[in-house]
Amino acid sequence: RLGRRRRLGFVALTIALVFVFAEIASAIGIYFSLGNGEDFEALAKRQERLSRAPRGKDESGVVVHPYTGWAMNPQISDGDEVLGKKIPVNRLGFIDDQESLQKRGPDRLIIGVTGGSVAWQLTVAADNVIRRAIQQSPRFRNREIVILRIGQSGYKQPQQLMTVNWLMSLGGEFDAIVNLDGYNEVVLSIYENYDRKIHTAYPRAWNARMLELIDPRESADRMRLLEIDAHRQQLARGVRIAPWRWSFSASALWLLRDGLAAHDKREVTKRLFDKRASRAGVGFAKSGPIEDLANSDAALMRAVDIWERSSLQLHRLLTASDVVYLHALQPNQHHAGSKPLSKEEDELIHFVTDTQAARDGFPLLVERGKSIEAAGVEFLDLTQIFENEPGTMYIDSCCHMNEEANRRLAVTIGSRLRELLESE
């Protein structure tokens, strides 16, 4: 028979071996379950975020806005990060580290950059490049150049038009507005609007935004969603404050429990959608006016029409206010002949299937851009800026670019802005 000390030692060794095995198994499980390049540090950040705002990444802090469709809630959103730079949310709901309402002055230039995520990322990755390009002019060399980030990820026309109107109605002033767009207008308008029977001009995921509006007939489901959010917050907070928060096993258990809660939330959300779809009188709020569109080609033409008219209206508004307006059409890897794809870029888009709207839409945008320019708008077609570039410029399968690509866009946009501002 084993002595007491030996028995205790054996038990301790067994517990240690089981713990080590559990940690290794949990680490492997976490590695394969995360994917998308996420690591343990990113997992800890996700736990920290959920402990403060118990909602998914795509919906955390997003709130319905009366004029721009939606904005970020500065009370709960911690902003966004790109290329190593973290930007907070300001009081008006834009992801910007400065006030969105600025005043002109003889010693400064106020430049607003609007559009979707490509426009926003440009202002984070290469705002200083734009400044330097403008300051090459002796006229602006000693001026403060304020670049306002007034675009949001997922924005599409007419949200840019409405955003500028909103800010100017509050007293905001600009010397110039850059509207960098294109991809969201043709892709989101098809896959997130037309395919879901939502009006082409409505903001993305508008039917989901409508879940924010509480209907007494949905009280039970709405309460269940709040309970699930609270439960996820408690789970995340519990693992973040625990002494064993560094443990792979603890995080693996949290992943499992949070995943089950997230699944429950999806089921309740689907039930809400189904109820609304079957109930008369809510279709207009969720989907907007009924459109007479024969097929996706007709929807694509409608989206391009809205894009053109919105740009022309921005031009009229800003010209009347003595503000320079530059409309830039963004480049995109799905636009045929716009770039020889590198091996990395080709691998990124190899398994992507929902790209037809981009392939069909960008030639239409390029052609319609000529009409916009003919109407007197300063239009900058950037779709061929990487025409002779074999190196990697795009970092994902849709539209976003690396730092070098953003630098090149910024040089071109900044140079054109300098010319336009000098001519004023």
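Tutor: On a 1 Å grid over the protein atoms alone, a pocket is an open set of points where a 1.4 Å probe fits, with protein on both sides within 12 Å along at least five of seven lines; lining residues have an atom within 4 Å of a point. This is a predicted model, in which local features need pLDDT of at least 70, side-chain atom pairs count only at pLDDT 80 or more, and totals for linings use all residues. Side-chain values use heavy atoms, without hydrogens and water.

Student: How much space lies in the second largest pocket, and which residues lie nearest its centre?

Tutor: The second largest pocket holds about 260 Å³, and among its 13 lining residues Lys197, Ile198, Pro289, Ile290 and Glu291 lie nearest the centre.

Student: Why is Arg232 called buried?

Tutor: Buried means under 20% relative accessible area. Arg232 has 8%, so Arg232 is buried.

Student: What makes the link between Arg232 and Asp258 a polar contact?

Tutor: A polar contact is a pair of N or O atoms within 3.5 Å, where one must be able to donate a hydrogen and the other to accept it. The side chains of Arg232 and Asp258 make such a contact at 2.9 Å.

Student: Why is the aromatic pair of Trp307 and Phe379 called edge-to-face?

Tutor: Rings of Phe, Tyr and Trp (its six-membered ring) pair if their centres lie within 6.5 Å; planes under 30 degrees apart count as stacked, over 60 as edge-to-face and the rest as tilted. The structure holds five aromatic pairs. For Trp307 and Phe379 the centres are 6.1 Å apart and the planes 80 degrees apart, so the pair is edge-to-face. Both residues, Trp307 and Phe379, are buried.

Terms used: Residues numbered from 1 in each chain as written. Buried < 20%, exposed > 50% of the residue type's maximum accessible area, 1.4 Å probe, protein only. Points joined across faces, edges and corners; volume = space filled by probe spheres on them.
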